[in-house]
Amino acid sequence: MSNEDSHSYNQLLEAISHGNERAFSIFYDLFATELTRHIFSKVNDQEVAEDILHDLFLSLWKNKSRLTEIISVPAYLYSSCRYLIIACSRKKYSKPTLQLDISSLDILDEDVPLEDRLY
C-alpha cells in the first residue's frame, strides 16, 4: 500500500466518520470483491462469505465515529474478517444444548412403581 492509498483511505474514513454515505459506498466498492474472495477461501461457502462481509461493513458503519483511529486499513479489514470467520465457525460447530422437560418423564411419577420407571 502506497502513501497515496493510505491518504485516500484516511480521507474516506474521515468522511465516513461524519456519516457520509457516498464515501462509505466508495469504501465498500474498493474492498468488497477482494474481501469476499478472501473470506470465501476460508469458509468455502459463498452465502456465508457474503454474510460475513456484510457483518463487517455493518460493524464499520455502526462504529463510524472510531474509524479515524485505524492506522492500516487493509490490515484492519483482514484482521476483522479473521475474527468474524472464527466467530462464524464457532457458531456453526457449537453443539446445541439439549433442553428436556423433565416434568413429563415417568421416572418422576411416584404413582408408577420404581421398577417400571427405570425400564
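User: Which residues of the largest nonpolar core touch the most other members?

Analyst: In this predicted model, where local features need pLDDT of at least 70, side-chain atom pairs count only at pLDDT 80 or more, and totals for chains, interfaces and linings use all residues, they are Phe27, Phe31, Leu35, Phe57, Leu60, Val73 and Leu77, out of 23 residues in that core. Residues are numbered from 1 along each chain as its sequence is written, and side-chain values use heavy atoms, leaving out hydrogens and water. A nonpolar core here is a set of buried Ala, Val, Leu, Ile, Met, Phe, Trp, Tyr and Cys residues joined through side-chain atoms within 4.5 Å. Helix 1 (3-17), helix 2 (21-43), helix 3 (46-62) and helix 4 (73-93) each supply at least two residues of this core, and helix 2 gives the largest share, 7 residues; helices are DSSP runs of H or I with at least four residues, numbered from the N terminus.

User: What makes the pair of phenylalanine 27 and phenylalanine 31 tilted?

Analyst: Rings of Phe, Tyr and Trp (its six-membered ring) pair if their centres lie within 6.5 Å, and planes under 30 degrees apart count as stacked, over 60 as edge-to-face and the rest as tilted. For phenylalanine 27 and phenylalanine 31 the centres are 5.1 Å apart and the planes make 55 degrees, so the pair falls in the tilted class. Being 4 residues apart in helix 2, phenylalanine 27 and phenylalanine 31 are separated by about one helical turn.

User: How do you know that the charged end of lysine 64 sits over the ring of tryptophan 61?

Analyst: The rule asks for NZ of Lys or CZ of Arg within 6 Å of the ring centre and within 35 degrees of the ring normal. The charged end of lysine 64 is 4.2 Å from the centre of the tryptophan 61 ring, over which it sits. Arginine 82 likewise lies over the face of tyrosine 83, at 5.1 Å from the ring centre.

User: Why does asparagine 44 count as exposed?

Analyst: Its relative accessibility is 62%, so asparagine 44 counts as exposed. Asparagine 44 lies in the loop between helix 2 and helix 3, and has a positive phi of about 55 degrees although it is not a glycine.

Definitions and conventions:
Buried < 20%, exposed > 50% of the residue type's maximum accessible area, 1.4 Å probe, protein only.
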